[in-house]
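Have a look at the sequence and the structure, then read on.

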Amino acid sequence: MKPKIAIACQGGGSQTAFTAGVLKALFENNVQDHFNIVSLSGTSGGAICAFLIWYSLKKGDQIVWQRLIEFWEDNTAQTPQEQWFNDTAIKTLELASKGLIPQYNLSPSSPVIKTWFSFVTQGLRSRFTDFKELLGAHIDCAQLADWGCQPEPPLLLIGACNILSGKLHKFNSYREPIKLEHLLASACIPNLFSAVSIEETAYWDGLFSDNPPIDCLIKPDFVGVANIPQEIWVIKINPTMRNQIPVLVDDILDRRNELEGNISLFKSLSEIETLNNLFLTGAFKQEYLALLDVKEPIKIPKSFQDDPDRDYHIPMIEMSEELAQTLNYESKLDRSPKSIHRLIQDGEKQGKKFIEARLKQMSNQ
């Protein structure tokens with residue numbers, strides 16, 4: 001029987017083009033022939049990647065990764081005007097982060113910002129300036145609405161933050177129909193987009209809740225007993241370690257963003273490790289485990305780092321150190337073809353390396 005896996009995709013704006021490359025490599029290497037993908041989860045850009053793979057699997061697309069890669073190609077700055085707009089915006093943000101030019105903070109709901117944005121984006125593709133339109137161009141929204149709740153695997157869980165209640169929220173295909181607005185909510189960066197309102201409440205980026213959703217993937221009330229994975233693969237964007245102490249203003253801001261993006265991930269992993277230790281020490285009676293259909297505990301690596309020589313069940317798939325060292329906070333907003341393609345290519349490389357190592361590990365067991 002094929003091992004059950006869940007794939008969790010961390011958020012990170014444009015840097016999640018890396019995630020698209022990883023997912024492409026996994027499916028090009030026929031991951032579904034060797035593993036039973038019971039769920040996908042994601043936050044922000046990771047939610048977009050997880051959703052497009054989930055959507056393709058549900059539709060039965062022959063090439064599962066094609067829709068995802070086409071989305072990222074469409075998301076790049078394609079015309080000379082779009083490239084000028086992107087490059088100017090990124091350079092301005094970098095100069096502001098370095099303290100070389102003034103930085104003005106205005107609400108994305110401000111009439112001034114809306115008027116300014118409308119003016120500077122004249123002549124650009126509407127899909128380049130309207131995120132909802134961009135997403136809608138790559139899915140059939142009417143069909144998505146007709147699907148309703150999708151309790152059969154693979155499941156999809158999308159992390160977002162309920163602004164008003166301050167509580168974590170997961171949009172879950174096991175319990176409710178997935179909507180385009182759920183993706184917009186998960187990717188709603190507060191200083192770029194107005195809050196996304198859904199059914200009398202409002203949401204911001206899932207960075208403030210789960211990045212990505214992890215612990216819910218092993219909870220029967222979230223995914224059902226039959227869909228609890230034996231392994232969770234995390235496609236990680238924010239690096240865990242740094243070689244040097246940040247000193248410059250922009251480096252401090254960048255490192256702070258990375259640490260904030262990892263807080264919920266490591267908290268979830270710590271909770272799962274604690275639960276696993278309880279299983280291992282016999283804290284749960286066999287009658288209770290039988291009720292949950294738990295055959296064996298989920299094995300957690302001590303360091304949360306991938307090591308192909310050990311039987312890790314929550315491995316991390318991370319971008320190469322060479323690429324990670326060239327990125328900064330502003331690159332999470334960079335939509336230049338050069339940057340996006342570089343991230344996708346590294347994702348393909350790391351994804352191929354991971355799946356080959358995992359299959360070799362299986363063959364040796």
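## Contacts and overall fold

A contact here means heavy atoms within 4.5 Å. Take the contacts in the protein chain between residues at least 6 apart in sequence: 75% of them join residues at least 24 apart.

As for secondary structure, the protein chain has 15 helices and 8 strands. These are DSSP runs (helices are H or I with at least four residues, strands are E with at least two), numbered from the N terminus.

Residues are numbered from 1 along each chain as its sequence is written, and side-chain values use heavy atoms, leaving out hydrogens and water.

The pLDDT is the predictor's confidence in each residue, from 0 to 100. The protein chain averages 87, and 88% of the residues score at least 70. Residues 299-312 are another story: pLDDT is below 50 there, although the stretch has 32 contacts in the model beyond near neighbours in sequence. Where pLDDT is low, the predicted coordinates should not be read in detail.

## Inside and outside

Of the 365 residues in the protein chain, 48% are buried. Buried means under 20% relative accessible area, exposed means over 50%, and partly exposed is in between (1.4 Å probe, protein chains only). The protein chain exposes about 17,900 Å², with 55% of that supplied by carbon and sulfur atoms; the areas come from the Shrake-Rupley method with a 1.4 Å probe, and for residues only the protein chains shown count as cover.

## The nonpolar cores

A nonpolar core is a set of buried Ala, Val, Leu, Ile, Met, Phe, Trp, Tyr and Cys residues joined through side-chain atoms within 4.5 Å. The largest one has 58 residues, and I7, L26, V31, F51, W72 and W233 have the most contacts inside it. Helix α3 (residues 45-59) gives the largest share, 9 residues. Apart from this core lies another of 17 residues, including I214, F222, V223 and M316.

What does V31 touch, not counting residues up to four places away in sequence? Its partners are I5, L26, I37, W233 and I355.

The loop between α9 (141-147) and β3 (155-162) holds P154, and the peptide bond from P153 to P154 is cis, with omega near 0°.

E199, in the loop between β5 (196-198) and β6 (201-204), is not a glycine, yet has a positive phi of about 50°. E199 is exposed, at 66% relative accessibility.

Terms used. Predicted model: local features only at pLDDT ≥ 70, side-chain atom pairs only at ≥ 80, totals over all residues.
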